[in-house]
Each structure stands twice: as structure tokens, then as C-alpha cells.
Amino acid sequence: MTQTRTDGFGPSYRDTYYTRTMEPPLNAAPLSDRIEADICIVGGGIAGVSAAYELTKAGKSVVLLEADQIAWGASGRNGGVVTPGFAASGSAIEKKRGLDTARQIFDLSREGVEIFREYTQTLALPGVEIRPGALSVSRYRDAQGMQDAARHKTDAYSYPVEYVPTEKLREMVRTDRYFDGVYDPQGFHAHSLNYCLGLARETQRLGGRIFENTRAVSMARQGAGHLVTTQAGSVQCETVILCQGGMVDGFSKRLQRNLLPIGTFVTVTEPLGDLAHALIPTSAAIVDTRMACDYFRITPDGRLLWGGGMTGMALEPANLEQQMRRAFTSVFPQLADVKIDATWSGLLGYARHRMPYLRELHDGVWAATGLGGHGVNVGPLVGRLIAEAIVDDGQRHAVLDPYGLTWNGSVFGPLAADTVYYWEALKERYFEWRYG
Ligand SMILES: Cc1cc2nc3c(=O)[nH]c(=O)nc-3n(C[C@H](O)[C@H](O)[C@H](O)COP(=O)(O)OP(=O)(O)OC[C@H]3O[C@@H](n4cnc5c(N)ncnc54)[C@H](O)[C@@H]3O)c2cc1C
């Protein structure tokens, strides 16, 4: 089922669960002219498409350039878990910014979740298939820690979540691998590729212009604005928004120096029939509490979709399918013999502080990127905040200003990232050995 490009401009999506269940691709033509617009967006993932939709809706003339197809990158390949928060942990944000500001930042991330839910419903985006619930689980006994976390989120952030003790947890997820849980009834999981395709179509319907198979190759000041050049055309515009995610390709040297691409992996089994409900009776998505966590969910057609692993080397291991099978059978040995239908990788863009870059880099050039492993809610949020900033001089994004550009460590960055993941994993294994 891999859709390979045969004519130079057809779909080239990686074979994933999402492409196997996708709505028709946009098949937008590449840019081959010199055109003008108020705003040129570079990158058609969830950040770029959200910004394009919000700005077009607000009456701006918008052009979106996508090097491959809409949501070809992380936005079309992810775990589909939609919960409030950012890639940086809540406690890290609270430590750096204090509780009041942390609350304000958390509320923005909630808004991202609600935008995704609202547009899916009000625009009737096809094939997004929202399923309710998100369950965070510990791999060692941590009743006190998980109860405290649930209480803090409920009381300090006015976001009600529920502590789930071991016995009840094991009724929701039938494995002895997990001990304590926190259930978020407002979180959900969904088909993020179809969300992006649906929103891109709505953008076109409102007059936004989208060009696929169109890589932006350079950018220069031209008059009062900017000229973005592609392989076969150019866009003269007032404002440029950079939404390239982890797929930084040298177009913006500044972002290239300040973002670290991190590789991560997903696999999907064949439909499991009755076994799906027998093993995972909950409709919720499940995410463990480790830094490089495992996350999984039962898809609407009854498959196990399982994600995990992180590498700063941004490479796909040759035995990836085997590694993924080992990971899910360590939790559900009953699945040893199920067939795997697709396995894939994707690239995340991380800043060292693990918060998004949402700022004007210099006059009229904005960054809306660095969403890390939490982009399905943060993407819709950055789209809205950047539209407010450009259209109405809105300042809600300014609460993120202290998260400025941070050097990625150049060739040492990937090694440093892998060292952090390694030490965290070691620490977590110790807890599992001690309290498991
Ligand atoms: C395997 C995986 C699992 C994940 N699971 C979750 C999850 O469960 N929940 C969650 O919230 N987040 C998850 N994430 C993170 C989330 O998917 C990302 O944060 C989010 O999709 C990033 O969106 P983006 O628009 O910034 O970047 P992308 O989706 O990467 O989009 C960037 C786009 O820019 C295009 N581009 C790059 N350079 C150019 C150029 N020069 N010209 C034109 N176009 C260009 C690329 O082709 C690409 O389509 C996951 C990510 C991965 C990879």
C-alpha cells in the first residue's frame, strides 16, 4: 500500500495506518508562477495548515508552500494523542515561570485541544474519528506520585483528572506492566492526517492558495516585504511564516542552528478482533510517564497502534519492525504472533527547552515551529496565536517569549540528546526494578 510518486507530482506519503485510512489527498498543483500574497507559509504540517486556515478566515491573502504533500511529515504520522500540555513537562514550565504563568501557558495548550475538537465538529472534517480519553500510566508503583499529580492538575490548573489505582487500571488495560494511572476525560485520540487534509480543503474553500510539491528554496528582502523563491516560481509577500517542523532543510539557517530533529517510531498491527477489547477495554489512548514514552491506542478499526523510541541521530533502525514488536509484546505477550501491517518513523523538531518557537524572528518573518512531541494540540494553537498577532497585533503569544532561540549544539546536539534519553531511561529502569 505504499504510495510512491511515479510521475514526479503524485502522492508520496509513507505507508502508514494513516495513509491506509486517509481521505483523498489534496493533489494541489506545484507553484510555477510569480505570485503575490499578504502571507507566505512555508510547510504544510499541522502548524502551517492551522496558520493558513486562521489567516485566510481572517481575510488575509495566504499562500502555503509544501515541499511534499499536506501533512507529509510528523503531522501525518503521529500517535494521534491529543491532550493539553507541551513537550516540556508541566513541572519544568512551573519551575521556570512560576505557577501563575504556568497556568496561563497550560490554558493555551487546552485551547489547542479545543480548537482541534471544535474544527473537527463544526467543519465536519471527514475521517478524523475522535475517540475519547487519555490515560497516563506508570511502569512502577507510584501511587503517591500519581495521586499528587492528579490533585495538582485538578486544583492548581482547574483541569479535572482522576487518579486510577492499580486494580482499576488493570481493568482498563489488561497487563501487569503498569501500576498507577491518571485518567483525562477531556483528552482524546484522532486521525491527524485527515484533520490536516480537511482543514487544508477548508482553507482552499475560503480562498487560500496551497501548492504541494513546492519546496521553498530561498528568501530575500524585496521592497517592503519578502520574496520567497521555489524551484519554479516565487511569492512576493509582506509576511513569511516558517512551519517546517523537524524537517529543517537549510531554508532558514537561523532555525537550522536552533532546532534539533529527533526521530521517533510507530507501528500498527492487523485488526485484532475481540482481542483488542479483551486487552484494552478502554477507548482512551495510553501513554506511559517516561521521557521517551511508549504510547498506544486501539484504532477505530480495531488495530493496536503503538509508538515509542527517540533518537537524536534521526535515523530509522534496519530492524525497526522487530524492535517495535519487542516493545509491545513486553506489555502484551498475547500479541506475539499478530501481523504488523505498517511501521514508520517521523521527525520531531525540538528546541532545547522543549517549548515551541512562536515569535517574529525579524521584520515580517515569523517562526511557528519546534512543537516537539506535542504538536497535535500545539499546532492548532500556534496557528491561532500567530493569526491574532499578524491580523490584530494580538499579544497572547508573548507569554512564550522567554522561550527564545537556543543553539542546538551543532554536531554534538544529537549525541547530547541521546545521552539525556539514555540517562533518563537508566533512571526509569532503576525505579522499575526497585518499585516494580
Ligand atoms: C511518530 C510521531 C508520533 C507523534 N505522536 C504525537 C502524539 O501522539 N500527540 C502529539 O501531540 N504529537 C505527536 N507527535 C508530534 C507532532 O506530530 C508534531 O509536533 C507536529 O505534527 C509538528 O507539526 P509541524 O507542522 O510543526 O511539522 P511537520 O508536520 O513536520 O510539517 C512540516 C512540513 O514542512 C514541510 N517543509 C519542510 N521544509 C520545507 C520547505 N523548504 N518548503 C516547503 N515545505 C517544507 C515538510 O515537508 C512538512 O510537511 C508525534 C510525532 C511523530 C513523528
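Which residues lie nearest the centre of the second largest pocket? In this predicted model, Arg 290, Ala 292, Asp 294, Gly 309 and Arg 429 hold that position, within a lining of 26 residues. The volume of the second largest pocket is about 780 Å³. By residue class, the lining comprises 12 nonpolar, five polar and nine charged residues. Three elements, strand S14 (304-311), helix H9 (320-329) and helix H11 (413-435), each contribute at least two residues to the lining. Helix H11 provides the largest share, with nine residues.

The overall architecture was examined next. The protein contains 11 helices and 17 strands. Its radius of gyration is 21 Å, close to the 22 Å given by the globule rule for 436 residues, so the protein is as compact as a globular protein of that length. The C-alpha trace spans about 65 × 50 × 45 Å along the principal axes. Of the 436 residues, 57% are buried. Among contacts with a separation of 6 or more, 75% are made by residues 24 or more positions apart. The protein exposes about 17900 Å², and carbon and sulfur atoms supply 52% of this area.

Backbone geometry was then considered. Most residues other than glycine have a negative phi. Ala 124, although not a glycine, has a positive phi of about 50°. Ala 124 is located in the loop that connects helix H3 (90-122) with strand S4 (131-137). With a relative accessible area of 57%, Ala 124 is exposed, because the threshold for exposure is over 50%. A positive phi, near 55°, is also found for Asp 393, a residue other than glycine. Asp 393 belongs to the loop between helix H10 (375-392) and H11. The relative accessibility of Asp 393 is 56%, and the residue therefore counts as exposed.

Thr 269 is part of strand S11, which covers residues 260-269. The relative accessible area of Thr 269 is 0%, so this residue is buried. When residues up to four places away in sequence are not counted, Thr 269 is in contact with Arg 303, Leu 304, Phe 328, Val 338, Lys 339, Ile 340 and Asp 341.

Arg 209 lies in strand S7 (residues 209-211). This residue is partly exposed, with a relative accessible area of 31%. Along the chain, 148 residues separate Arg 209 from Ser 61, yet the C-alpha atoms of the two are 8.2 Å apart. Ser 61 is among the residues touched by Arg 209.

Asp 274 is situated in helix H8, formed by residues 274-279. Its relative accessible area is 71%, and Asp 274 is therefore exposed. The sequence separation between Asp 274 and Gln 144 is 130 residues, and their C-alpha atoms lie 35 Å apart in space.

Terms used:
Residues are numbered from 1 along each chain as its sequence is written. This is a predicted model: local features need pLDDT of at least 70, side-chain atom pairs count only at pLDDT 80 or more; totals for chains, interfaces and linings use all residues. Side-chain values use heavy atoms; hydrogens and water are left out. On a 1 Å grid over the protein atoms alone, a cavity is a set of points where a 1.4 Å probe fits but cannot get out, and a pocket is an open set with protein on both sides within 12 Å along at least five of seven lines; lining residues have an atom within 4 Å of a point. Grid points are joined across faces, edges and corners, and a volume is the space filled by probe spheres set on the points. Helices (H or I, at least four residues) and strands (E, at least two) are DSSP runs, numbered from the N terminus. Ala, Val, Leu, Ile, Met, Phe, Trp, Tyr, Cys and Pro count as nonpolar, Asp, Glu, Lys and Arg as charged, and the others, Gly among them, as polar. The radius of gyration is taken over C-alpha atoms; the globule rule is 2.2 Å times the number of residues to the power 0.38. Buried means under 20% relative accessible area, exposed over 50%, partly exposed in between (1.4 Å probe, protein chains only). Contact means heavy atoms within 4.5 Å. Accessible areas come from the Shrake-Rupley method with a 1.4 Å probe; for residues, only the protein chains shown count as cover.
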